[in-house]
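I opened this entry to keep track of what I looked up, in the order I looked it up.

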Amino acid sequence: MSMIPSFFGGQRSNIFDPFSLNVWDPFKDFPTPISKENSAFVNTRIDWKETPEAHVLKADLPGLNKKEVKVEVEDDRVVRISGERKIEKEDKNDTWHRVERSSGKFVRSFRLSENVKIDRIKAAMENGVLIVTVPKVKVKKPDVKAIEISG
């Protein structure tokens, strides 16, 4: 039974089946710079939080090791995280029922504020999560001296 009318590109799908392979894609014929080769870029999820001491970036990179990921700094304040998920080698005798894991290159860039210590950036990777910590410069609060008003 069709849940999506045929005037939506002729694709039919069952909206009650979350694993349906035949899902209508409204952007199927839309020109986009995102291709299957860099579709991993779309699926790379990164959280960015700022604490009083540092900026912390956490990236979910399941299946990658630290040799497949790069953390770079450009223009003194732009942190760039990049890497590549390799395509698994196919055997002609294999029968694939579903391919949902993305592969390809990904790049994400973040422009940080001016109060960061770029030379003290630390990156660690554990259980498929990359954590990049960029310490902040401690801003000295100005000394305030009260002046007595005469008169």
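I started with Arg80, which forms a salt bridge with Glu72; the closest N and O atoms are 2.6 Å apart. The model is predicted, so I take that distance as a value computed from predicted coordinates.

Arg80 has 26% relative accessibility and counts as partly exposed. Glu72 has 27% and also counts as partly exposed.

Next I looked up Glu114 and Arg77. Their side chains meet in a salt bridge, at 3.9 Å from N to O. I noted the cut-off here, because a salt bridge requires the nitrogen to be within 4 Å of the carboxyl oxygen. Where do the two residues lie? Glu114 is in the loop between β5 and β6 (122-126), and Arg77 is in the loop between β3 (69-74) and β4. The pair therefore ties together parts that are 37 residues apart in sequence. Glu114 is exposed, with a relative accessible area of 68%, whereas Arg77 is partly exposed at 24%.

I also recorded Glu84 and Lys86, whose side chains meet in a salt bridge at 3.7 Å, N to O. Glu84 is partly exposed at 28% relative accessibility, and Lys86 is exposed at 58%. I wrote down the total as well: the count comes to five salt bridges.

I turned to the fold. The protein chain has one helix and seven strands, and along the sequence I read the pattern α-β-β-β-β-β-β-β. For the contacts with a separation of 6 or more, I noted that 51% join residues 24 or more positions apart.

I then looked for the nonpolar core. Which residues have the most contacts inside the largest one? I found Leu57, Leu61, Ile81, Leu130 and Val132, in a core of 15 residues. The strands β2 (54-60), β4 (78-85), β5 (104-111) and β7 (129-135) each supply at least two of its residues. The largest share, three residues, comes from β7. In general, nonpolar side chains in soluble globular proteins tend to be buried together.

I listed the contacts of Leu57, leaving aside its neighbours within four places in sequence. Among them are Ile46, Trp48, Val79, Ile81, Phe110, Leu130 and Val132. Asp47 is also on the list for Leu57.

For the whole chain, I noted that buried residues make up 21% of the 151 residues.

Last, I looked up confidence. The mean pLDDT of the protein chain is 78, and 72% of the residues reach 70 or more. Confidence is lowest in helix α1 (residues 40-43), at a mean of 53, and highest in β7, at 96. Over residues 4-12 the pLDDT is below 50, and I found 14 contacts for this stretch beyond near neighbours in sequence. Over residues 34-38 the pLDDT is also below 50, with seven such contacts in the model.

Conventions:
Residues numbered from 1 in each chain as written. Predicted model: local features only at pLDDT ≥ 70, side-chain atom pairs only at ≥ 80, totals over all residues. Heavy atoms only, no water. Helix = DSSP H or I, 4+ residues; strand = E, 2+ residues; numbered from the N terminus. Buried < 20%, exposed > 50% of the residue type's maximum accessible area, 1.4 Å probe, protein only. Contact = heavy atoms within 4.5 Å. Core = buried A, V, L, I, M, F, W, Y, C linked by side-chain atoms within 4.5 Å. pLDDT = per-residue confidence, 0-100.
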